[in-house]
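Subject: A structure for you to look at

Hello,

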Amino acid sequence: MRYFFISLFFINSLFSQRSDEMSDPVEPAPPCHPSENMISINPFAMLPVSNVNFYNLSYVRKLDCSSAFGIELRYPVPQGVEGYGVGIEYRWYPQKYAMKKFYIAPRLSYISVSDELSEAQVFSYGVLGAYQFFIGDHFGVGMGFGIEYNTGPQLQEAELVEGQSNVTPHFRLDFGWSW
């Protein structure tokens, strides 16, 4: 009887060791990008009505490894045009490496501009697909393309009179610093 239990123990130890060697090791998930915050500029932001260019400053905060939240401020460039713009966006990183690589961002914004002849308020919402990479540890470059729907009293009148579309492309080229 004693040999029976010793042989069972021996066989059990052989099989348990073999099953450990045969099992696939679980690869750990890649870590998140170390940056939690980023400030960037987009020198090519444009308003679709009268082609008003804006300085665009944005701040993005990482929420977790797959998402981030951003706000943006816009200031018109041309002489004689006054106004501002504000916007928010939620970035979803399907590769779970927030602040770096591909992301999809639904976005909302409001812009108010005026000159000596007219004024306009524009509400826009849309979606953006973009890719962000880093040169070194902190300098980020982002490129993206999306589509926006712009609305507001002046745009609705312009669409009825001139037959223009309120759907516009949205291009992004960001340069930023992260920490």
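Below is what turned up, starting with the whole chain and ending with a cavity.

A word on the basis: this is a predicted model, where local features need pLDDT of at least 70 and side-chain atom pairs count only at pLDDT 80 or more, while totals for chains, interfaces and linings use all residues. Residues are numbered from 1 along each chain as its sequence is written, and side-chain values use heavy atoms, leaving out hydrogens and water.

The protein chain has two helices and nine strands (DSSP runs numbered from the N terminus: H or I of at least four residues for helices, E of at least two for strands). Read from the N terminus, the order is α-β-β-β-β-β-β-β-β-α-β. Of its 179 residues, 36% are buried (buried is under 20% relative accessible area, exposed over 50%, partly exposed in between, with a 1.4 Å probe and protein chains only). Among contacts with a separation of 6 or more, 51% join residues 24 or more positions apart (contact means heavy atoms within 4.5 Å).

Searching the whole structure gives one disulfide, that is, a pair of cysteine sulfur atoms within 2.5 Å. The partners are C32 and C65, with their sulfur atoms 1.3 Å apart. They link distant parts of the chain, 33 residues apart: C32 sits in the loop between α1 (2–22) and β1 (37–41), and C65 in the loop between β3 (52–64) and β4 (67–76). C65 is partly exposed, at 30% relative accessible area.

Next, have a look at E72 in strand β4. E72 is buried because its relative accessibility is 6%. Its side chain makes a polar contact with the side chain of R74, at 3.3 Å (a polar contact is a pair of N or O atoms within 3.5 Å; within protein, one must be able to donate a hydrogen and the other to accept it, and residues adjacent in sequence count only if both atoms are side-chain atoms). Leaving aside residues up to four places away in sequence, E72 touches several others, including N56, G87 and S109.

The largest cavity holds about 90 Å³ of space (a cavity is a set of points on a 1 Å grid over the protein atoms alone where a 1.4 Å probe fits but cannot get out; lining residues have an atom within 4 Å of a point; points are joined across faces, edges and corners, and the volume is the space filled by probe spheres set on them). It is lined by 15 residues, and S58, E72, E89, R107 and R172 are the closest to its centre.

Enjoy exploring!

Technical notes. 1 Å grid on protein atoms, 1.4 Å probe; cavity = no way out; pocket = protein on both sides within 12 Å on 5 of 7 lines; lining within 4 Å.
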